[in-house]
Amino acid sequence: MRDAVRPHRDFYVIKVHALEGIFSAVPGGHTEKLWREFFVDPSHWWDHRPEKLDLDFCSSTNERYPDFKHKNTWEALWVEDRRNSPWVAADIA
């Protein structure tokens, strides 16, 4: 029986570098990038926090729905996310 052919370890390094533009290898890194974009220009984001608080407004709004959603990319942010850096809570208040 032949041994399984495994990719060289550099293959994984290249893959990680190729994906860094989309996802950060650092936990929460991509989320932090999105928060920085949010604070630079919040007008590019929809704020769903009032809808989540007003239960009479829309009964279909789920509490797990994002607090902010980008208008073009549809990327989502939650104020109470374990991936958030501590400065996010201070700046959002």
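Reply: To begin with aromatic pairs: rings of Phe, Tyr and Trp (its six-membered ring) pair if their centres lie within 6.5 Å, and planes under 30 degrees apart count as stacked, over 60 as edge-to-face and the rest as tilted. Ring pairs of this kind link Trp35, Phe38, Phe39, Trp45, Phe68 and Trp87 into a cluster. The model is a predicted one, in which local features need pLDDT of at least 70 and side-chain atom pairs count only at pLDDT 80 or more, while totals for chains, interfaces and linings use all residues. Residues are numbered from 1 along each chain as its sequence is written, and side-chain values use heavy atoms, with hydrogens and water left out.

Me: How many aromatic pairs does the rule give, and what makes the pair of Trp35 and Phe68 edge-to-face?

Reply: The count comes to seven aromatic pairs. For Trp35 and Phe68 the rings are 5.8 Å apart centre to centre, with 80° between the planes. The distance is within 6.5 Å and the angle is over 60, so the pair of Trp35 and Phe68 is classed as edge-to-face. This pair links distant parts of the chain, with Trp35 in helix H2 and Phe68 in strand E2, 33 residues apart. Helices (H or I, at least four residues) and strands (E, at least two) are DSSP runs, numbered from the N terminus.

Me: Why is His48 called buried?

Reply: Buried means under 20% relative accessible area, exposed over 50%, and partly exposed in between (1.4 Å probe, protein chains only). His48 has 9% relative accessibility, and therefore counts as buried. His48 lies in the loop between strand E1 (45-47) and helix H3 (49-53). Not counting residues up to four places away in sequence, His48 touches Tyr65, Pro66, Asp67 and Lys69, where contact means heavy atoms within 4.5 Å.

Me: What makes Ala76 and His44 partly exposed?

Reply: Ala76 has 26% relative accessibility and therefore counts as partly exposed. The value for His44 is 40%, so His44 counts as partly exposed. Ala76 is placed in strand E3 (residues 76-77), and His44 in the loop between H2 and E1. Beyond four places in sequence, Ala76 touches Leu34, Pro66 and Phe68, whereas His44 touches Lys69, His70 and Lys71.

Me: What makes the eight residues of the largest nonpolar core a core?

Reply: A nonpolar core is a set of buried Ala, Val, Leu, Ile, Met, Phe, Trp, Tyr and Cys residues joined through side-chain atoms within 4.5 Å. The largest such set consists of Leu34, Trp35, Phe38, Trp45, Phe68, Leu77, Val88 and Ile92. Helix H2 (29-40) and helix H4 (86-92) each supply at least two of its residues, and H2 gives the largest share, three.

Me: Why are E1 and E3 described as edges?

Reply: The open sheet has three strands in the order E1-E2-E3, with antiparallel pairing. E1 and E3 each have a single partner strand, so one side of each is left without a neighbour in the sheet.

Conventions:
Two strands pair if DSSP finds at least two bridges between them.
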